[in-house]
Amino acid sequence: VGFLRRLSIAIKLPVAIAILLMLACGGVAGAAYFEVRLLAADVAAERLEGAARMLADLLGPSFRTRTQLLQRTADDPRLRQYFVDRTPEAAAAAGQVLEKLTPANGRWAIRVTDVGGATLLEAGERQDWGPAEATRATLSRPSGSFSVDAGRESVYYELFVALRTPVGDPLGHLIERRWLGRSTPALELLQGMVGPQAELLIGNAAGDVWTDFTRPVNPVPVALVNSLVTASPAGVPLSLRGVAVPESPWVVAAGLPTSEVAEPVRAFLRDAILITLLIVAVGMLAAFWSSRRLTGPLTRVTEAAEAIAAGDSQGSGPKRGDEIVRLASSFEAMSQRVESSHRELAMMVDELEDRVHARTAALEAANSELEAFSYSVSHDLRAPVRAVAGFAKILLEDHHAELSPDARRCVEVVVRRTNQMGQLIDDLLAFSRVGRQSMGRHNVDLTQLARAVVEELRASEPDRQVDVTIESLPCIEGEPTLLRQAIANLVQNALKYTRPRDGARIDIGAYPSPGEHVIFVRDNGVGFDMAYSDRLFGVFQRLHRPDEFEGTGVGLAIVQRIVQRHGGRVWADATVGAGATFYLALPSVKEAA
Amino acid sequence: VSVLLVEDDPEDAALALRALAMNNLANRVHVVRDGVEALEYLDRNPAPRVVLLDLKLPRVNGLEVLRRIRADERFRILPVVVLSSSREEPDVRKAYELGVNSYIVKPVDFDQFVKAVTQAGLYWIVTNHPPAVSG
């Protein structure tokens with residue numbers, strides 16, 4: 001089936017049509033063949049039955065007249081007298097009576113038997129009549145039954161009538177034996193009528209003995225009286241039809257060689273097959289031609305469609321005038337529309353890309369301008385702030401005695417606040433550095449990185465007791481300095497906000513998520529109110545007062561900036577008084593930063 | 001002269017001098033106000049023990065001064081310490097590539113500033129043993 005599907009329509013169509021034609025022609029020819037066969041059989045049966053009937057009509061009357069003749073002879077007083085006298089004279093007189101029955105042609109014999117079957121008188125061809133039992137066997141069969149003679153060379157029939165006294169007492173029988181001859185004028189006439197091929201047969205209605213009028217033949221089925229039968233009485237298969245000869249125990253049959261009866265049927269079959277093949281061949285050629293005409297345009301449409309699919313939208317359909325052409329022209333219209341929409345789409349895409357480029361460039365320019373500005377501002381701010389802080393400090397140190405306590409307090413505020421301002425500037429610079437830091441693509445082992453960071457930060461607060469656990473963290477691709485800063489800021493935060501805790505605890509771990517690794521830093525510190533979580537990652541955003549925890553509110557902003565530059569996300573989860581967990585989701589497959 | 005301080009900001013220079021003075025090093029400091037002056041001073045005077053160099057300078061900036069110092073055969077091994085407000089990685093890297101001996105970020109906090117300048121001055125003038133500088 002798969003093979004059939006792969007075949008082109010140009011082949012499938014003619015083959016299908018050829019198969020259909022073959023089936024149709026074969027069906028018609030087959031039906032006609034059976035019809036013709038029946039017809040031929042009917043014709044043969046009719047012809048043969050006619051011949052048989054003519055034969056029966058010839059033989060029937062002669063059987064009847066001969067039987068009547070025998071009957072009259074049996075009533076002859078001279079025969080009766082012989083039974084009374086049994087003298088040689090009486091025998092001679094009876095013999096004369098018998099001699100008178102001598103037929104015009106053919107072999108013939110006649111005899112008179114007593115009641116026991118013994119032969120008393122005879123005439124005609126000398127015969128060995130056999131014992132009385134043979135005579136009784138003859139008499140037990142219908143008068144006229146055929147028998148095969150001792151030499152099995154010929155067939156004869158025996159007619160008999162009873163001999164009786166005038167009052168009806170049985171005396172014996174008058175039995176006539178006759179041989180059939182082929183050369184009777186009637187038979188020859190009949191043969192001429194039915195044709196030399198025809199075979200004429202006769203036999204007992206009992207079916208035991210059959211002859212072709214010359215010699216015995218194989219018995220044929222007596223069913224031939226009602227229908228055409230096939231049999232081989234003399235070696236050649238014959239179609240036979242028979243007719244019972246009236247008032248006799250005979251059946252006559254006419255037969256033709258079966259091959260001759262079937263000849264017209266065979267001829268018809270030959271012609272039918274020839275015509276079928278012719279029709280199939282013509283149909284196949286026509287189908288092949290028309291399918292070529294049909295699939296040619298389809299092929300061109302397909303090729304054009306393939307060309308369009310491959311990007312060349314110049315494909316055009318075939319040029320002709322029916323459904324195919326309508327398909328082709330609508331295809332052409334479609335391909336033009338596809339092409340024009342492709343063009344429009346390409347133009348729109350180009351325009352969009354241009355816009356995106358322009359916007360991106362503008363954004364990048366604005367961004368770098370902003371970063372340069374924030375950098376130079378904060379950088380340039382440092383010197384004056386340092387001068388203010390420095391000279392205020394000099395004032396406190398060198399002119400301590402000259403300042404009133406109130407003036408000293410004021411100058412101390414200046415010193416403290418300028419130092420704070422310096423810290424803000426430094427943090428702002430650090431934040432802007434994250435944006436300007438070039439992004440390397442390195443494999444970063446976060447486990448090692450976290451261990452180093454924790455070690456370093458612990459060293460900065462050697463007096464604190466903090467329980468830090470670092471689980472196995474993934475390796476990710478990114479900029480090591482930035483990632484280190486992000487982790488450091490988170491750990492630093494955790495250290496800071498667990499400071500009031502006795503059993504301070506920090507857990508650093510990770511879990512996989514589709515397409516990314518999530519790294520978390522969990523502490524059991526003071527936590528924060530989730531209501532303010534949206535402000536957590538803003539620059540200078542703080543959720544604690546400066547006198548609670550130091551800081552400028554830039555650390556988490558830097559963390560967010562770093563994670564965003566790595567194409568990741570950052571979020572937090574916390575409960576006031578129970579600790580906070582910060583999550584970094586970093587892509588496991590690196591995306592453009 | 002032991003220290004050549006290249007500093008355009010007079011207050012910063014004053015603060016640095018004060019920090020050095022607190023360790024009795026101030027009288028051995030010469031201050032110039034920009035890169036051109038620094039190069040002229042070096043050209044005409046005996047080499048100092050160390051050059052404290054700001055990066056953000058008028059006319060010829062600090063990195064260019066450093067480059068020219070290192071390009072001059074006489075000052076190829078002269079100790080130069082950058083004393084700058086910038087903690088920018090490119091500045092640090094460039095300075096080291098040009099052969100700076102140390103890089104100090106000026107803290108805003110005065111106490112820390114004093115500490116940093118004092119440490120640097122003491123180290124380079126007292127602790128460190130430089131090679132003899134010709135010229």
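Student: Is Asp467(A) buried, exposed or partly exposed?

Tutor: Asp467(A) counts as partly exposed, at 40% relative accessibility. Buried means under 20% relative accessible area, exposed over 50%, and partly exposed in between, with a 1.4 Å probe and protein chains only. Keep in mind that this is a predicted model, where local features need pLDDT of at least 70, side-chain atom pairs count only at pLDDT 80 or more, and totals for chains, interfaces and linings use all residues. Residues are numbered from 1 along each chain as its sequence is written, chains are lettered from A in the order in which they are written, and side-chain values use heavy atoms, with hydrogens and water left out.

Student: What does Asp467(A) form a salt bridge with?

Tutor: The partner is Arg505(A), and the closest N and O atoms are 2.8 Å apart. A salt bridge here is a side-chain nitrogen of Lys or Arg within 4 Å of a carboxyl oxygen of Asp or Glu. Asp467(A) lies in strand S13 (residues 466–470) of chain A and Arg505(A) in strand S15 (residues 504–513), so the pair ties together parts that are 38 residues apart in sequence. Helices (H or I, at least four residues) and strands (E, at least two) are DSSP runs, numbered from the N terminus. Arg505(A) is partly exposed too, at 33% relative accessibility.

Student: How many salt bridges over all chains?

Tutor: The count is 38. One of them joins the side chains of Asp426(A) and Arg382(A), at 3.0 Å from N to O. Asp426(A) is in helix H9 (residues 405–436) of chain A and Arg382(A) in helix H8 (residues 323–398), so this pair links parts 44 residues apart in sequence.

Student: Are those two buried or exposed?

Tutor: Asp426(A) is buried, with a relative accessible area of 15%. Arg382(A) is buried as well, at 0%.

Student: Why would such side chains pair at all?

Tutor: Side chains of opposite charge can pair when their charged atoms come close.

Student: And in chain B, what does Glu64(B) pair with?

Tutor: Glu64(B) forms a salt bridge with Arg68(B), with 3.0 Å between the closest N and O atoms. Both lie in helix H3 (residues 62–71) of chain B, four residues apart, about one turn of the helix. Glu64(B) is partly exposed at 24% relative accessibility, and Arg68(B) is partly exposed at 40%.

Student: Switching topic: where is Asp212(A)?

Tutor: Asp212(A) sits in the loop between strand S7 (210–211) and strand S8 (216–217) of chain A. Its relative accessible area is 16%, so Asp212(A) counts as buried.

Student: What does its side chain reach?

Tutor: The side chain of Asp212(A) reaches the backbone nitrogen of Arg215(A) at 3.0 Å. A polar atom of that side chain also lies 3.1 Å from the backbone nitrogen of Thr214(A). Leaving aside neighbours within four places in sequence, Asp212(A) is in contact (heavy atoms within 4.5 Å) with residues including Arg182(A), Glu199(A) and Val217(A).

Student: Now the interface. How many residues does each chain give to the contact?

Tutor: Chain B gives 20 residues and chain A gives 22. The two chains bury about 1,900 Å² between them, 50% of it on carbon and sulfur atoms. Buried area is the accessible area (1.4 Å probe) that two parts lose on being put together, summed over both. Arg18(B), Glu88(B) and Val108(B) supply 34% of the area that chain B buries against chain A, more than any other three residues.

Student: How many salt bridges across it?

Tutor: The rule finds four between chain B and chain A. Glu397(A) and Arg18(B) meet in a salt bridge, at 3.5 Å from N to O. There is also a network of salt bridges that links Arg386(A), Glu7(B), Asp12(B), Asp54(B) and Lys106(B).

Student: What about the fold of chain B, how many helices and strands?

Tutor: Chain B has five helices and five strands, in the pattern β-α-β-α-β-α-β-α-β-α along the sequence. Of its 135 residues, 54% count as buried.

Student: What confidence scores go with this?

Tutor: The mean pLDDT of chain B is 86, and 96% of its residues reach 70 or more. pLDDT is the predictor's confidence in each residue, from 0 to 100. The model scores ipTM 0.70 and pTM 0.44.

Note on methods
Polar contact = N/O pair within 3.5 Å; in protein donor to acceptor, adjacent residues only side chain to side chain.
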